Amino acid sequence: MKKWLNNYFGFTKREYNALLALMAILLIISVLPYYYTTFWIKPTLISGEEHVAIQKLILVNQQEPNYYAKMRNQVEDSEATPTTALFKFDPNVIDVEEWQKLGLSVKQAQSIVNYRNKGGKFYKPEDLKKMYTISPKKFEQLAPYINIQNTTTKYVKQEYAKQAPYVKKELVIVEINSADTLQLDEIKGVGAAFARRIAKYRDRLGGFYKKEQLLEVFGLDSIKFNEIKDQIKIDVSNLKKININTAEFDDLKNHPYLKYKQINAIIQYRKQHGKYNDIADLKKVAILTPQIIQTIAPYLIF
């Protein structure tokens with residue numbers, strides 16, 4: 001074995017001895033359980049009568065698997081109950097103790113109460129017959145004493161507050177550079193959502209100088225514009241203007257017509273060449289196209 005291991009695995013003498021020791025330990029571990037059960041555990045002595053009783057129990061369980069469950073229920077149902085005292089009762093009202101006085105066990109009474117707690121109701125005496133805890137014989141005994149109160153609930157028609165009649169918006173003329181959202185909402189065709197969008201975009205611009213700028217508002221298309229254009233007017237004196245010779249990056253960064261590179265170019269040109277004298281000087285900033293200069297001109301002062 002040592003020669004074979006050396007040929008195929010190249011074990012050293014120390015590794016070979018370790019392998020033998022490991023195999024010996026494994027052998028001892030595998031044999032130990034049998035040795036322990038054979039020599040250390042003493043068998044439990046069972047008398048002949050106990051053995052016969054166990055065999056009977058096994059036989060009963062094989063022939064009738066639910067036998068012990070039935071026996072338990074019979075024991076529970078045979079609990080000592082108070083002396084039966086029949087009286088007029090409403091099964092929708094009485095508690096566990098009163099059911100016991102009628103001759104039911106605690107388990108039977110609690111089952112009926114649980115049924116009621118989950119929303120169950122008895123509308124006529126025959127409904128009590130449906131409870132599995134009430135046998136037909138017990139129902140016949142209790143039937144003459146069942147007195148169910150009226151369980152029908154009169155339907156009450158719920159009254160709702162009358163809605164205010166819809167008031168058609170009248171045509172108004174609104175100056176959109178000074179109007180708040182409530183005034184903008186008065187424009188026929190402009191709801192609360194569009195009123196907020198118009199006001200928000202107006203504040204970014206600094207105001208509108210022509211009606212067509214409303215087409216730049218998110219969601220406001222040409223159809224909506226044609227619907228509202230005759231209800232608005234523009235006062236350009238309400239425009240918020242920017243001094244291009246003193247404005248810094250933060251003053252221009254939110255304007256929708258200018259990009260960051262264009263703002264930087266405007267400021268850097270001013271630092272290198274001095275102040276702008278008029279709108280024509282902006283044409284010297286290479287990154288600004290004539291179209292951009294035209295759109296921002298109404299918002300600038302020099």
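Lys 253 and Asp 250 form a salt bridge, with 3.7 Å between the closest N and O atoms; the term is used for a side-chain nitrogen of Lys or Arg within 4 Å of a carboxyl oxygen of Asp or Glu. Lys 253 is partly exposed at 34% relative accessibility, and Asp 250 is exposed at 53%. Here buried stands for under 20% relative accessible area, exposed for over 50% and partly exposed for what falls in between, with a 1.4 Å probe and protein chains only. The model is a predicted one, in which local features need pLDDT of at least 70 and side-chain atom pairs count only at pLDDT 80 or more, while totals for chains, interfaces and linings use all residues. Residues are numbered from 1 along each chain as its sequence is written, and side-chain values use heavy atoms, with hydrogens and water left out.

The structure holds 7 salt bridges. Another of them joins the side chains of Arg 270 and Glu 248, at 3.9 Å from N to O. This pair links distant parts of the chain, 22 residues apart: Arg 270 sits in helix α12, and Glu 248 in the loop between β3 (242-243) and α11. Helices (H or I, at least four residues) and strands (E, at least two) are DSSP runs, numbered from the N terminus. Arg 202 bridges to Asp 203, with the closest N and O atoms 3.6 Å apart, and Arg 202 is itself buried, at 11% relative accessible area. Then there is a salt-bridge network that links Lys 124, Asp 127 and Lys 130.

Back to helix α12, which covers residues 260-273. Buried along α12 are Gln 262, Ile 263, Ala 265, Ile 266, Ile 267, Tyr 269 and Arg 270. These buried residues pack against α11 (249-252) and α13 (290-296), where contact means heavy atoms within 4.5 Å. After α12 comes Gly 274, with a positive phi near 95°.

Helix α13 is also the place of Ile 296, which is buried at 4% relative accessibility. Leaving aside neighbours within four places in sequence, Ile 296 is in contact with Tyr 257, Leu 258 and Leu 282. Its C-alpha atom is separated by 9.3 Å from that of Leu 205, 91 residues away along the chain.

Now for the rings. Phe, Tyr and Trp rings (for Trp, the six-membered one) pair if their centres lie within 6.5 Å, and planes under 30 degrees apart count as stacked, over 60 as edge-to-face and the rest as tilted. The count comes to 8 aromatic pairs. Phe 89 and Trp 99 make an edge-to-face pair, since their ring centres are 5.4 Å apart and their planes stand at 70°. Phe 89 lies in the loop between α4 (67-77) and α5 (96-101) and Trp 99 in helix α5, so the pair ties together parts 10 residues apart in sequence. Both Phe 89 and Trp 99 are buried. Phe 249 and Tyr 260 are edge-to-face too, at 5.3 Å centre to centre and 70° between the planes. That pair ties helix α11, which holds Phe 249, to helix α12, which holds Tyr 260, across 11 residues of sequence. Phe 249 is partly exposed at 25% relative accessibility, and Tyr 260 is exposed at 51%. Phe 87, Phe 89 and Trp 99 form one aromatic cluster.

That leaves the nonpolar cores, which are sets of buried Ala, Val, Leu, Ile, Met, Phe, Trp, Tyr and Cys residues joined through side-chain atoms within 4.5 Å. The largest has 40 residues, of which Leu 184, Ile 198 and Leu 214 touch the most other members. The elements giving two or more residues to this core are α9 (192-205), α10 (222-228), α12 and α13, and α9 gives the most, with 6 residues. Leaving aside neighbours within four places in sequence, Ile 198 is in contact with Leu 184, Val 190, Phe 208, Leu 214, Val 217 and Leu 220. A second, separate core has 17 residues, including Phe 89, Val 96, Leu 128 and Ile 148.
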